[in-house]
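Please look over the sequence and the model below. A short report on selected strands, helices and loops follows.

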Amino acid sequence: MFTSVKSMGLFGMHSYMVNVEIDISGGLPHFDIVGLPNTSVSEAKERVRSAIKNSSLTFPVSRITVNLAPADTKKEGTIYDLPILLSVLAASRQIKPLPDDSAFIGELSLGGEVRKINGALPMVIEAMKNGVKNVFVPKDNAHECSVVEGINVYAVENINELISFLDGEKEFEPAVYSPVEDYVESLVDFADVKGQFEAKRALEIAAAGGHNILLIGSPGAGKSMLAKRLPTILPDMTFEESLETTKIYSISGKISQKNPLITKRPFRSPHHTVSPVGLSGGGAIPKPGEISLAHNGILFLDELPEFSRTAMEIMRQPIEDGEISISRSQGTVTYPCSVMLVCAMNPCPCGYYAHPTRECTCHKGSVERYLNKVSGPLLDRIDIHIEVPPVDFDNLSDSERGEKSSDIKIRVDKARKIQSERLKGTSITCNAHMTAKQTREFCKMTDEAVVLLRNVFEKLSLSARAYDKILRVARTIADLDESEIITDEHIAEAVQYRSLDRKFWGK
């Protein structure tokens, strides 16, 4: 007896349809799975056998051959347990033939319960695109998958429950997405930051244009405090951004049961001991790394020079392109990583180089070696460099609170709206990601601004990339001022945020 059941496959961010074909014939009892299964797929034989017996059903004593088509694509994971079990039952005529417009994914326990899997959301999205009307997923995955429109998502708790539904003995209602109100007033706010007006201004510009930023200052100056408050002024995520970020978290198995749709911009802050693979992603079947988990949000690297040279250099291409490709023997996976890179570092090993009151105890050579841990090419890709000086007593003891994050966010949202209108019809949403052609088209300057930028470019020997970065930052400053054209004042402020690499790196 032959039968076929629809299921899904997943490789990186790419999902595809899989037909689980089964043939039950006479001969010595044997259970084979073909179609390039890995170990976890092959082990489905034992889980399926036990789940059938422990669900008071009969496992056929026959020769069973399962083929996972397309047979030339490697299959991995436990997602095929449920469709294999159903195909065995259908081929042995213990249940009715399965509907052609339905797909099944899920891992089985030995007792017949259906367990949560990783990557359910991208698989359901692909099933919908392929015309599948109904998809059956583990109960713990149903909430995250219910955000997909145009397909019925059914939550399955155990085998007997599913069989009762398929036989028409029990009614199932499709899962309905109900957004969970997860608003909690943020415990951090820019109003808590004393002084640091220049740094707060730089962070406002970074948030308004999506620019990468480097904070340099002595210990205790407030670099980490400022960086952790940056998410409070970023624009809200669109539904498309939420869905794309949630797909990455679904693949990584980091979805929250309480509110599975990621609606707040991620803030990832890996420790400086993170490996290059942990940062970029990897494994036999490459999984997303920290840079992809921060997609549409912030990747914060505190104590930047303490990261390994390899880990830092890995970021050069991804932060420029907004995606990272990982090649392994089984294939190449590309994950999106459109992030705001926020870095913080001390100016020297002891932390007090150029401090106004404390003496630096580092030898000149050790200061240069420490600073040179951050390569020029990586530094060139960071739009804004800002010095964070120590806060004096008068500012610290001031009882008045500073400007609130909500007030800063209003200006940031207004600037982003201007950029969205300007870049309408393209995949780009903010100034930091403009192409070279768009930079020339939208960064129109006054004659005075052109003269100033020429003088700066020649005096500081800036690279072509630094030139574009200055123009884009100046464009953001102009947007905050609601100015159509970039003036010399905008250029002067943008140049100020490129000067630190020249001052500290001895150029």
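Val135 has Val153 in β9 as its bridge partner. In this predicted model, local features need pLDDT of at least 70, side-chain atom pairs count only at pLDDT 80 or more, and totals for chains, interfaces and linings use all residues. Residues are numbered from 1 along each chain as its sequence is written, and side-chain values use heavy atoms, with hydrogens and water left out.

**Around β8**

β8 and β9 pair in parallel over five bridges. Strands count as paired if DSSP finds at least two bridges between them. Strand β5 (residues 102-104) also runs parallel to β8, joined to it by three bridges. There, Ala103 stands opposite Val135. Helices (H or I, at least four residues) and strands (E, at least two) are DSSP runs, numbered from the N terminus.

β8 is largely enclosed by the rest of the structure, because five of its five residues are buried. Buried means under 20% relative accessible area, exposed over 50%, and partly exposed in between (1.4 Å probe, protein chains only). β8, α5 and β9 make a right-handed β-α-β unit. Right-handed here means that, with the strands pointing away from the viewer, the path from the first strand over the helix to the second runs clockwise.

β8 also has the highest mean pLDDT among the elements of the protein, 97, while helix α22 (residues 500-504) has the lowest, 51. pLDDT is the predictor's confidence in each residue, from 0 to 100. The protein averages 90, and 97% of the residues score at least 70. Where pLDDT is low, the predicted coordinates should not be read in detail.

**Helix α4**

Helix α4 (residues 120-129) is mostly covered, with seven of its ten residues buried. Among them are Leu121, Met123 and Ile125. The cover includes β1 (2-11), β2 (14-25), β8 (134-138), α5 (139-145), β9 (152-156) and α9 (239-252). Contact means heavy atoms within 4.5 Å. Gly131 follows α4, and its phi is positive, near 85°.

**A second sheet**

Five strands form an open parallel sheet in the order β11-β14-β17-β10-β18. Its edge strands are β11 (267-268) and β18 (384-387), each pairing on one side only. Four bridges join β10 (residues 213-216) to β18 in parallel. Leu215 stands opposite Ile386 in β18. Helix α7 (residues 197-209) lies across β10, β17 (340-345) and β18, at about 165° to β18. Axes are lines fitted to C-alpha atoms, for helices over the stretch in contact, and angles run from 0 to 180 degrees between N-to-C directions.

**Helix packing**

The axes of helix α17 (residues 405-422) and helix α20 (residues 464-480) come within 9 Å and cross at roughly 115°. In α17, Arg411, Ala415, Ile418, Gln419 and Arg422 meet Arg475, Thr476, Asp479 and Leu480 in α20.

**Two loop residues**

Arg401 lies in the loop between α16 (393-397) and α17. Leu110 sits in the loop between β6 (107-108) and β7 (114-115).

| Residue | Relative accessibility | Contacts |
|---|---|---|
| Leu110 | 49%, partly exposed | Glu46, Arg47, Ser50, Ala51, Asn54 |

For Leu110 and Asp140, 30 residues apart along the chain, the C-alpha separation is 18 Å.
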